[in-house]
Each structure stands twice: as structure tokens, then as C-alpha cells.
Amino acid sequence: MVVVVVLIAFLPRELVFVSEEYETYGIATMNMQLYGERLSEYVAMIGSGSLGENRYGTNVLVDLQLYASRSLQLIGIASIIAIFIGTAKAYFDTRYKGIFARSSRKIGQGMQALPDFFIIIVVQMVVLWLFRQGFPQFSLYGNEDLSAFLFAAVLLSLFPSMYFANIVASTLESEEGSFYLIAAKGRGVKKSVLLIKHQLANALPSIVQQIPVMFMYLLSNLLMVEFLTSFRGAMYRTYQAMGFQETSLESLPNQMYIEEPVIVVYLTFFISLGFLVNIGSRVMTEIVTRRRRLS
């Protein structure tokens, strides 16, 4: 996988722009000789014990340590929020059958049907509107203030929360009709106790298996959240390294600065992170399944 990342990152990006009447378009060129030379130079650099430098002459590992630590904290807090809100919403949707529970389920399904960037922008606009109405203001942008960090974490957790809630609710409902539930209800056990102590415990292996999927939702929204909140994290740094931050129609031919070593290190980091989450989920599933069999 790392080899594929390197091959893609070092693809030549030479563009020749042609203007005809009212239309301007770019023609991509592929210089295989230049491609081979750049790959050879990078491999030789790795052989000498270096992974390269960023545009400012700083080692890419130092660069990664700074920005990845921010994103890891953001992902960690967003994961906790998503699991907590998702589980609480699933409990409410399953425990109660009234109009509020039905509305909650429909809201969750509706949010999943909408584009995630649309939901994030709407939430930002609502918060800004509340500020204009006299609501106490706090920082929404950047990564220096705690309020901005928590706001970015909440935005990042929105879509995964709804996904996790639907998964947990569906898993809990699949336990309905089981013999142990019928027997427990016959003994007068409260429904809340059944949900938490029995249904949730028995459904836990299936729920844990969904953590990698929830993590992929977090990663897919990470760039959008970091970009829209000016949070300088690892995904935004990758976006910057690809040359998109300063890109405009006028700058593309001559000023598109691409940092290939940074791209390779950051993409490898995200791939490794996803791999570790997947392995961790499998280990946790095995542990929970064994405890369930022993209990």
C-alpha cells in the first residue's frame, strides 16, 4: 500500500493551459523519464535515512508530529461524542415508541440522507445566527482555543453519531423476540434493565464490529471540518501539501507547490491509522464475544 501511495504522490503534474476564445483548459502531460528520476531520487533519499523535508526545510516527521497530534485529539474526542450520543439516541429510540422517539428516528435517517458538508455548514450558520440574537459567543475557528476545538469535534461527530445510533438501534431491535427477553419480561424485569443489561450486552460484539466503519466516516469528514473551521490538522496539511490551498486559475501553471514527501508520510499515517483501528476492533470483538460466552 505504501508503494502505491509513493507511485501516486510522485506522478508528474505538468499542465499546459490553452486559451481559445472564451474557454481556458489544461492539458496534462506525462513525462515518464522525469517520473522515473523523481522516484529514484526519493528511494535514494530513503536509503540515506531521510523521509524528506517540507517546503520550509523541516523534517517531514517533525511536521507530522505537530499536525497529526491535533487531528488525533480531534478524532478521539469526536469518537467519544459519537459513541455516547449514538448509544443514547439508540436507547431512546428503542426504549420509547411515542411520537418523540419516531421523530428522533426520522431525524437520524434524514441526516444520513443529506450531504455531510451541508449539515456542517447549516450548523455553523445556525450558531452564527444565535450569536447575532445575543447568545454568548465563543471561538468557532482555529485550533488554539478550547471552544473552537470542541466545536470542530462536535461537527466531526454529527454524521458518525447518526450512523452509530441507527446501527445500535437496529442491533437492539434484532434481539426482540428472543427467548431470554420473553422470560425476563414474564418475571417483571423493567424494559430499561433489559435494554442495558441484556440486549445491549448481547449485541455488543456486533456493535464493536461497526467501529471501523464509523472511523471511516470520521476520516471522510475530517478534511471538510478542518477546512471549514480553519483547524490546522493533519488532513488539512495533506490538502495543503497537494497544492490545492494556494491554487487558482492564474497560479496553476507556475505556482502550484506540491510537497511529495509530505503527501507520502501523511497518507501512510492515515492508512496505518485505519489499519490499527480495524485490528483493534477485531481484538475487542473477540474479547467481548469470549466474555459473553463465559457469562
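Student: Where does Val 126 lie, and what makes that stretch a helix?

Tutor: Val 126 sits in helix H5, and a helix here is a DSSP run of H or I with at least four residues, numbered from the N terminus. H5 covers 116–132. Keep in mind that this is a predicted model, where local features need pLDDT of at least 70, side-chain atom pairs need 80 or more, and totals for chains, interfaces and linings use all residues. Residues are numbered from 1 along each chain as its sequence is written, and side-chain values use heavy atoms, without hydrogens and water.

Student: Why is Val 126 called partly exposed?

Tutor: Its relative accessible area is 42%.

Student: How many of the chain's residues count as buried?

Tutor: Of its 295 residues, 39% do.

Student: What makes the space lined by Met 111 and Asn 221 a cavity?

Tutor: On a 1 Å grid over the protein atoms alone, a cavity is a set of points where a 1.4 Å probe fits but cannot get out. The search found one of 30 Å³ or more. Its lining (residues with an atom within 4 Å of a point) also includes Ile 119 and Phe 159. Helices H5 and H6 (146–174) each supply at least two lining residues.

Student: How do you know which class Met 111 and Asn 221 fall into?

Tutor: Ala, Val, Leu, Ile, Met, Phe, Trp, Tyr, Cys and Pro count as nonpolar, Asp, Glu, Lys and Arg as charged, and the others as polar. The whole lining has six nonpolar, one polar and one charged residues.

Terms used. On a 1 Å grid over the protein atoms alone, a cavity is a set of points where a 1.4 Å probe fits but cannot get out, and a pocket is an open set with protein on both sides within 12 Å along at least five of seven lines; lining residues have an atom within 4 Å of a point. Grid points are joined across faces, edges and corners, and a volume is the space filled by probe spheres set on the points. Buried means under 20% relative accessible area, exposed over 50%, partly exposed in between (1.4 Å probe, protein chains only).
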